[in-house]
Amino acid sequence: AGAVGVKLSGLSKDAEKTQQFANDHTDKITALAVHHESKSMTYVATGQVGLVPKINVWTSHTMENKVVLVGVHKVGVCQLDFSPSGKLLVSVGMDKHHSIA
């Protein structure tokens, strides 16, 4: 995993192929979760490694950050998952106790 989120567009046969990059992480992305809210709204959560790792929640359509969580974990984030409703996000840290937030 890298420190960049990538959005691919135009994957159909006749469409123009494009890529967009989200450079909001400062270290390697180590966790990712996706929640499909509707056809026009998909939320993505990405977590990174580092002494003060970030969790970014953003929309795949606009690549706009909705929430940035900092200081929740130490060492890094190894797992993310949305609740079925998409209103909650759980994260697991890379610390020796695998802290859950």
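This dialogue goes through a few features of a predicted model.

Biologist: What should I know about the model and its numbering before reading it?

Modeller: Residues are numbered from 1 along each chain as its sequence is written, and this is a predicted model in which local features need pLDDT of at least 70, while totals for chains, interfaces and linings use all residues. Side-chain atom pairs count only at pLDDT 80 or more, and side-chain values use heavy atoms, with hydrogens and water left out.

Biologist: How many helices and strands are there in the protein chain?

Modeller: Helices (H or I, at least four residues) and strands (E, at least two) are DSSP runs, numbered from the N terminus; here the protein chain has 0 helices and 8 strands.

Biologist: Why does V52 count as exposed?

Modeller: Buried means under 20% relative accessible area, exposed over 50%, and partly exposed in between (1.4 Å probe, Shrake-Rupley method, with only the protein chains shown as cover). V52, found in the loop between β4 (41-48) and β5 (54-59), counts as exposed because its relative accessibility is 52%, whereas buried residues make up 34% of the 101 residues in the protein chain.

Biologist: Which residues form a salt bridge?

Modeller: A salt bridge is a side-chain nitrogen of Lys or Arg within 4 Å of a carboxyl oxygen of Asp or Glu. By this rule the count is 1, and it joins E64 with K66, whose closest N and O atoms are 3.5 Å apart. E64 is partly exposed because its relative accessibility is 41%, and K66 is partly exposed at 42%.
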